[in-house]
Amino acid sequence: MTSIGIIPARYASTRFPAKPLAMLGGQTVIERVYHQVEGVVDSVAVATDDERIRQAVEAFGGRAVMTSVHHKSGTDRVYEAYELLGEEHDIVVNIQGDEPFIQASQIEALLQCFDDEQTHIATLVKPFATADGLAALQNPNSPKVVIDDHRRALYFSRSVIPFVRGLEPGQWLSTQTFYKHIGLYAYRPEVLRHITSLPQSPLEMAESLEQLRWLQAGYTIRVGVTQTETIGIDTPDDLRRAEDFLRRQSGGA
């Protein structure tokens with residue numbers, strides 16, 4: 001099977017405008033994401049709605065495609081880019097443009113989900129550790145997932161799922177495995193085409209989680225498991241934490 005990685009990257013962001021072009025260790029965030037993906041998939045492209053991002057990507061030798069400014073989700077932008085590129089692949093990987101430390105093993109875990117012909121969509125989860133603490137588990141900005149015995153997603157929620165009856169919340173992490181959802185997706189092209197035409201579903205609107213639209217429509221979402229923590233950049237404070245992480249990686253003070 002062949003795969004293409006498409007990185008949606010918008011210039012406008014309420015919490016961090018121009019985030020893809022922010023500098024991180026001497027490179028832009030989008031350049032770091034691009035280089036992390038190269039060599040893991042067969043083809044890579046950035047899908048953007050801003051000329052400044054396109055120029056920045058092409059300046060480091062990357063490939064970019066201009067997409068509509070009206071998309072409501074990265075999934076919609078990825079589909080338009082896939083159509084515009086005109087390539088045929090078995091798997092389309094949607095790679096967040098604000099994940100500069102994404103690992104090859106994480107993308108490979110997604111791709112392996114498609115060894116099962118029944119997989120329509122794949123995504124990634126990471127088990128919560130006891131050391132993460134209850135506050136991290138209860139954070140509504142960190143969606144949780146419950147999965148079945150075949151690693152298929154049963155439900156995604158901003159609430160803590162499952163609820164552990166009979167135990168105090170402080171005991172939950174030591175008695176139950178909870179999964180944190182990591183917003184990395186892969187799709188079969190025909191599935192991607194269809195899900196971008198679906199109207200919002202009641203579950204999606206209730207939780208503000210796009211993937212619930214797909215579950216409610218009956219699609220199978222296979223889950224890859226990673227033990228590697230991701231460092232997404234949503235705010236300038238996140239960028240500072242990423243700089244600190246990069247220094248530690250390189251052995252700096």
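1. A word on the source before you read on. This is a predicted model, in which local features need pLDDT of at least 70 and side-chain atom pairs count only at pLDDT 80 or more, while totals for chains, interfaces and linings use all residues. Residues are numbered from 1 along each chain as its sequence is written, and side-chain values use heavy atoms, with hydrogens and water left out.

2. Now the overall build. The protein has 10 helices and 11 strands (DSSP runs numbered from the N terminus: helices are H or I with at least four residues, strands E with at least two). Its radius of gyration is 18 Å, close to the 18 Å that the globule rule gives for 253 residues, so the protein is as compact as a globular protein of that length (the radius is taken over C-alpha atoms, and the rule is 2.2 Å times the number of residues to the power 0.38).

3. Next, the inside. Of the 253 residues, 51% count as buried (buried means under 20% relative accessible area, exposed over 50%, and partly exposed in between, with a 1.4 Å probe and protein chains only). The largest nonpolar core holds 38 residues, of which Ile7, Leu24, Val46, Val57, Val93 and Ile95 touch the most other members (such a core is a set of buried Ala, Val, Leu, Ile, Met, Phe, Trp, Tyr and Cys residues joined through side-chain atoms within 4.5 Å). Helix α1, residues 29-37, gives this core its largest share, 5 residues. Apart from this core lies another, of 29 residues, including Ile4 and Leu215.

4. Do take a look at α1 itself. In this helix, 7 of the 9 residues are buried, so α1 is largely enclosed by the rest of the structure. Among the buried ones are Ile30 and Tyr34. Both are in contact with Val57 (contact means heavy atoms within 4.5 Å). After α1 comes Gly39, with a positive phi near 90°.

5. Finally, is Gln171 buried, exposed or partly exposed? Gln171 is partly exposed, with a relative accessible area of 37%, and sits in helix α6, residues 169-175. Gln171 and Thr130 are 41 residues apart in sequence, with their C-alpha atoms 9.4 Å apart in space.

Terms used
Lists of a residue's contacts leave out its neighbours within four places in sequence.
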